[in-house]
Amino acid sequence: MRKTSALLAALAALAGAVLFLTSTPAHAAATRIMPLGDSITGSPGCWRALLWNKLQSAGYTDIDFVGTLPAQGCLVAHDGDNEGHGGFLATNVANQNQLPGWLAATRPDIVMMHFGTNDVWSNIPPATILSAFTTLVNQMRASNPSMKILVAKIIPMNPSSCAECAQRAVNLNNAIPGWAATTSTQQSPITVVDQWTGFSTSADTYDGVHPNAAGDQKISDKWYPALVNALSGVTPTPTITPTDSGGCTATYKATGQWQGGFQGEVTVKNTGTAPTSAWTVRWTFANGQQISQLWNGTLSASGADVTVRNVSWNGSLAPGATATFGFLASWNGTNTAPAPTCS
């Protein structure tokens with residue numbers, strides 16, 4: 001009788017264990033995020049440390065930064081795994097088929113890509129760089145058909161050894177949104193993250209190319225909302241219904257200056273009480289400055305008089321919302337900041 005009771009007790013315990021194992025849900029695997037790029041991402045890429053800790057503080061703790069490279073300094077505790085290869089070109093990585101091995105080793109769910117700086121430095125045309133981007137995206141999707149892909153407009157560059165690099169970076173960045181729109185899919189969306197706007201080579205880099213501490217903070221802050229959306233399964237879409245009312249202000253600043261040229265930006269703010277559907281900014285240069293390239297706006301210029309109107313996607317502003325456009329221009333001797341008006 002004791003043997004029978006002992007056997008029944010053992011069977012009951014075994015059944016309970018089986019029931020527990022089959023009824024307890026498995027813990028979901030951490031979301032794996034690959035930071036991909038060149039030295040701006042990896043050497044040491046301290047924006048990754050800032051971003052990691054901001055995510056942790058906000059409660060995004062079930063994540064894993066992945067890559068075949070370890071942390072490369074920063075003196076801040078963080079998950080430092082990354083795929084930021086100093087000196088690498090996106091075109092070479094694509095042509096030499098290097099990415100599939102990195103993907104197989106790390107199996108990311110999300111890729112954050114800031115790539116192309118060295119390609120620009122090497123005077124590779126934007127169309128060739130974007131063709132390489134397409135190859136990389138196809139390889140990402142072969143690894144994970146549901147890959148979420150964040151692609152940066154690269155930060156400005158103005159190295160002392162490359163006077164043309166500033167404009168080349170603008171040319172690449174101007175081409176990225178159109179490429180992304182035609183390459184993105186519902187299953188594997190591509191989100192463009194504007195790392196360009198508001199970034200100054202004079203204030204935010206130590207050599208015209210690589211970010212200093214201020215630049216790292218700006219890069220982290222730009223990645224954060226896009227990455228949070230990706231983690232939440234959200235694809236950003238416009239939500240403002242255009243109407244015409246209210247006023248606006250325009251704030252002008254030079255974000256970088258070099259011999260014979262400078263970079264500027266203007267921030268437009270809706271100061272009214274209702275959404276706006278369009279804006280126009282005007283100013284007059286006092287010292288013969290001339291704009292050679294402008295982005296995020298439509299330029300009309302007559303002599304010293306400059307008029308910039310919104311493009312199709314940034315004219316609608318909610319009350320208190322802002323839009324920023326930037327430009328490259330020439331100067332000679334004096335570069336007095338104008339006082340823009342907005343309507």
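Q: A helix is a DSSP run of H or I with at least four residues and a strand a DSSP run of E with at least two, numbered from the N terminus; how many helices and strands are there in the protein chain?
A: The protein chain holds 10 helices and 14 strands. This is a predicted model, in which local features need pLDDT of at least 70, side-chain atom pairs count only at pLDDT 80 or more, and totals for chains, interfaces and linings use all residues. Residues are numbered from 1 along each chain as its sequence is written, and side-chain values use heavy atoms, with hydrogens and water left out.

Q: What share of the protein chain is made up of buried residues?
A: A residue is buried under 20% relative accessible area, exposed over 50% and partly exposed in between, with a 1.4 Å probe and protein chains only. Buried residues account for 47% of the 343 residues.

Q: What share of the contacts in the protein chain between residues at least 6 apart in sequence join residues at least 24 apart?
A: The share is 75%, where contact means heavy atoms within 4.5 Å.

Q: Why is β1 described as largely enclosed by the rest of the structure?
A: Six of the seven residues of β1 are buried, so the strand is largely enclosed.

Q: Which strand does β1 join by three bridges, and in what sense do the two run?
A: Two strands pair if DSSP finds at least two bridges between them. Strand β1 (31-37) has three bridges to β2 and runs parallel to it, and five to β4, again in parallel. Isoleucine 33 has phenylalanine 65 as its bridge partner in β2 and isoleucine 110 as its partner in β4. Glycine 37 stands opposite glycine 84 in β3.

Q: What makes the contact between α3 and α10?
A: From α3 come Trp47, Leu50, Leu51, Lys54 and Leu55, while α10 contributes residues including Ile219, Trp223, Tyr224 and Leu227. By class, the contact has 10 nonpolar, two polar and three charged residues; Ala, Val, Leu, Ile, Met, Phe, Trp, Tyr, Cys and Pro count as nonpolar, Asp, Glu, Lys and Arg as charged, and the others, Gly among them, as polar.

Q: Which residues of α3 are buried?
A: They are Trp47, Arg48, Ala49, Leu51, Trp52 and Leu55. These buried residues pack against β1, α2 (39-42), β2 (63-65), β4 (110-114) and α10.

Q: Why is one side of β11 and of β14 left without a neighbour in the sheet?
A: Four strands form an open antiparallel sheet in the order β11-β12-β9-β14. Strands β11 (298-302) and β14 (341-342) stand at its edges with a single partner each, so one side of each has no neighbour in the sheet. Within this sheet, β9 (residues 280-284) and β12 (residues 305-309) pair over five bridges, and threonine 284 stands opposite aspartate 305.

Q: Where is the peptide bond that is cis, with omega near 5°?
A: The bond runs from serine 43 to proline 44, and proline 44 is in the loop between α2 and α3.

Q: What is the phi of arginine 107?
A: Phi is near 50°, a positive value in a residue other than glycine. Arginine 107 lies in the loop between α5 (99-106) and β4. Asparagine 123 also has a positive phi, near 60°, and is in the loop between α6 (117-121) and α7 (126-143).
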